[in-house]
Amino acid sequence: MVPHLTTALTGPLLELERHVLASTPKIERWFRSQWQEHEAPFYTSVDLRNSGFKLAPVDTNLFPGGFNNLNADFIPLAVQAAMSAVEKICPDAQSLLLIPENHTRNLFYLQNVARLASILRQTGLEVRIGSLIPDLTEPLVLALAEGETLTLEPVIRRGNRVGLSDYDPCAILLNNDLSAGVPEILKNIEQSLLPPLHAGWHVRRKSHHFSAYNQVALEFAELIDIDPWLINPYFATCGEIDFQARQGEECLEKHVTFMLEKIRLKYEEYNIDAAPFVIVKADAGTYGMGIMTVKDPSEVRDLNRKQRNKMAVGKEGLQVSEVIIQEGVYTFESIDDAIAEPVVYMMDHFVVGGFYRVHTGRGIDENLNAPGMHFVPLAFETPCCTPDQQANPDSVPNRFYTYGVVARLAMLAASIELERTRPIA
């Protein structure tokens, strides 16, 4: 079941899709050249928004947690991509330790861990799950759906290597985004660690990512002769914000005012009859925390106490002191009147599929990745890498291919971002 665009504003998007399809050989050659210069992250997921007049990434995750939502028919693609990634990092790898988040009750996340471990095992690796849960001293067996189980084992350290009591892996794969910082047990280890520690949210910033994406989008837009705005959301940042002490509000209001005006001018250029809006969110972190939709500068000037408290705290209870002001991209896709947005998954530099995040309680201008709210993931019908040149630009394989192209641009930006922010040895 594929979401449909519920807007008549499909002209610019159709034109973008036509450009992408007509330029497919050129695009694929360009990507090949980019991956000769840059090292792809081990895995990546990208949240896209499709407004009918714009298709753009709004978030890029380097510790993706939804492998259980992918179409099972395309798992062989993920296995093949994982083989490529493992061969680059650790060609002789036989064993791998997967370290997830410290969840024991989030069934959906645990099913993701089980699916990810299954994909990796099919590459020929022995895979075990190591946990950083405090006070875990013996294996913990968790029940999943349909009789499946997942065994978490306490991670231990011997010298400069980490593993389990009876397990010394070649490589460590993190599915833990390090929002609370790097645990001592993972510092200065000699094994390959994927993704690198500086990909964690304790140091990573969304503004660094979108700065790199801006560079990638400009080059790509020139390659296929499109307006880069069609695939690139404007953004700005404010540092030294303290929502509870009401510090930094003037900076925030100034940037919101400027951003709304920039968007309004673009809407006029494309004859778009919609209200510009921006998303204000923490410059670090995930899980849909500390996010607000703003359509008027007064909305950030007059935050009430409840709103300030909501914006002040991110994942792991960390205080928010830096925010990114990002151009809001409407999502005019829906399933049974529920708002939907595509999420594309990649391993190495290959697209391996994706799904729609569907939210029954949110609007077309709101963040759909909201904790405690209901969303239904629907797997893509095709894997985003098989366009049909004989079909219409907005046919399912071609729209998904365009999704995959824009998602790969965001993955390339993540690669450049990690290069730029790599600690000096």
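**Note on a predicted model**

1. Asn271 is exposed, with a relative accessible area of 65%. In this predicted model, Asn271 belongs to the loop that links helix 6 (249-269) and strand 13 (278-282). Its phi is positive, at about 55°, although Asn271 is not a glycine. Most residues other than glycine have a negative phi.

2. Glu146 also deserves attention for its backbone. Its phi is near 55°, a positive value in a residue other than glycine. Glu146 is located in the loop between strand 6 and strand 7 (149-154). With a relative accessible area of 85%, Glu146 is exposed, because exposed means over 50%.

3. Pro195 sits in the loop between strand 11 and helix 5 (206-224).

4. The model contains an open sheet of 6 strands with mixed pairing, in the order 6-7-5-4-10-11. Strand 6 (140-143) and strand 11 (192-194) form its edges, each pairing on one side only. On average, neighbouring strands of this sheet are turned by 30° against each other, direction ignored.

5. Within that sheet, strand 4 (residues 95-100) pairs with strand 10 (residues 171-175) in the parallel sense, over 5 bridges. Ala171 in strand 10 is the bridge partner of Leu96.

6. Is Ser84 buried or exposed? Its relative accessibility is 18%, so Ser84 counts as buried, the cut-off being under 20%. Ser84 is part of helix 3 (residues 75-89). Leaving aside residues up to four places away in sequence, Ser84 touches Asp348 and Phe350.

Definitions and conventions
Residues numbered from 1 in each chain as written. Predicted model: local features only at pLDDT ≥ 70, side-chain atom pairs only at ≥ 80, totals over all residues. Heavy atoms only, no water. Helix = DSSP H or I, 4+ residues; strand = E, 2+ residues; numbered from the N terminus. Buried < 20%, exposed > 50% of the residue type's maximum accessible area, 1.4 Å probe, protein only. Contact = heavy atoms within 4.5 Å. Pairing = 2+ DSSP bridges. Axes fitted to C-alpha atoms, helices over the stretch in contact; angles between N-to-C directions.
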